[in-house]
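Visitor: I have a structure to look at and some terms to sort out. Could you show it to me and take my questions?

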Amino acid sequence: MRRKIVAGNWKMNTTLNDGLRLAGEVKEDAEKGLPEGVSLIVAPPFTHLTGIREILADSIGLSAQNCATDDSGAFTGEVSAKMIASTGAEYVIIGHSERRLFFRESDKELNKKVKIALANDLTPIFCCGENLHEREKGIYKEVVRNQIELGFTGLNEDDFRKIIIAYEPVWAIGTGKTATPEQAQDMHSFIRDLVKKLYNSDTASTTSILYGGSCKPSNAREIFENSDVDGGLIGGASLNADDFLAIARSF
Ligand code: PEP
């Protein structure tokens, strides 16, 4: 059985007080009950991790949105996986399209981040996905295959089994444009097949693959219904506890 996960990527939003309030609302609402087998993760800004760990029940996972390629040293402004782990967070988002695009993060760097996250006992939530131009050119599967092959280079099966993958078509992120359920299922099954080729069918069948891109309460159900979609990475809608929980209850 693979895990069903709904993760909220808060991006660079909320002051500390607003973030603590939002985490409290998520916790309170989650305590009213979730569909069986569904786990929640929240990914606030770095500055909020310690405070939010104290608020969240152990049953809600805590994630950072990025980590450095090294554990420590002269890298002004960076935050390492070791530091993230010391806050009590268990996850880290790696390779979000905004990091790839705005901060020019390369596949090689992302591979380093995946490895350093694992070495610090953090579970990477590894993002992949094509942009609009790549979708329209019909090369989206090649793009995603490359991102996955390069992102996981050198990972043995035991390490790979700790990974969560998020397929996030860049053209659907923050645009209000969602992939159709067919497009999502097609890409998720492609990714699962790829994992099968890179590792084996048992590993592929236990890897959680989340969908991300303008997922909201009104469209989550039709996306989550697909057999290879194991949940969502939610941006905008995760900033509202009611919407975030409504998405989680779409399973
Ligand atoms: C994201 O940034 O991971 C995301 C999916 O954003 P949104 O839900 O706002 O499209």
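Guide: Start with one term. A polar contact is a pair of N or O atoms within 3.5 Å. Keep in mind that this is a predicted model.

Visitor: Which side chains have an N or O atom 2.8 Å or 2.7 Å from a ligand oxygen?
Guide: For His 96, the distance to a ligand oxygen is 2.8 Å. For Glu 168, the distance is 2.7 Å.

Visitor: How much of the ligand does the protein bury?
Guide: Taken alone, the ligand exposes 290 Å², and the protein buries 96% of that. The ligand is surrounded by 14 residues. By class, four are nonpolar, eight polar and two charged.

Visitor: Ser 214 is among the closest to the ligand. Why is Ser 214 called buried?
Guide: Its relative accessibility is 15%. Buried means under 20%, so Ser 214 qualifies. Ser 214 sits in the loop between strand 7 (209-212) and helix 11 (220-224). Its phi is positive, about 50°, although Ser 214 is not a glycine.

Visitor: Why is Thr 14 called partly exposed?
Guide: Thr 14 has 28% relative accessibility. Buried needs under 20% and exposed needs over 50%, so Thr 14 falls in between. Thr 14 lies in the loop between strand 1 (4-9) and helix 1 (16-30). Its phi is positive too, near 80°.

Visitor: How do you know that Asn 120 counts as buried?
Guide: Its relative accessibility is 14%, under the 20% limit, so Asn 120 counts as buried. Asn 120 is in the loop between helix 5 (107-119) and strand 5 (123-128). Its side chain makes a polar contact of 3.0 Å with the side chain of Asp 71.

Visitor: What makes Ala 172 buried?
Guide: Ala 172 has a relative accessible area of 0%. That is under 20%, so Ala 172 is buried. The loop between strand 6 (164-167) and helix 9 (181-198) holds Ala 172.

Visitor: Which residues of helix 7 are buried?
Guide: They are Tyr 140, Val 143, Val 144, Gln 147, Ile 148 and Gly 151.

Visitor: How do you know on which side of helix 7 they are?
Guide: They cover an arc of only 125° around the axis, so they are on the same side of helix 7. In general, an α-helix has 3.6 residues a turn, so residues three or four places apart point the same way.

Methods: Residues are numbered from 1 along each chain as its sequence is written. This is a predicted model: local features need pLDDT of at least 70, side-chain atom pairs count only at pLDDT 80 or more; totals for chains, interfaces and linings use all residues. Side-chain values use heavy atoms; hydrogens and water are left out. A residue is near a molecule or strand if one of its heavy atoms lies within 4 Å of it. A polar contact is a pair of N or O atoms within 3.5 Å; within protein, one must be able to donate a hydrogen and the other to accept it, and residues adjacent in sequence count only if both atoms are side-chain atoms. Accessible areas come from the Shrake-Rupley method with a 1.4 Å probe; for residues, only the protein chains shown count as cover. Ala, Val, Leu, Ile, Met, Phe, Trp, Tyr, Cys and Pro count as nonpolar, Asp, Glu, Lys and Arg as charged, and the others, Gly among them, as polar. Buried means under 20% relative accessible area, exposed over 50%, partly exposed in between (1.4 Å probe, protein chains only). Helices (H or I, at least four residues) and strands (E, at least two) are DSSP runs, numbered from the N terminus. The arc is that of the directions from the helix axis to the C-beta atoms.
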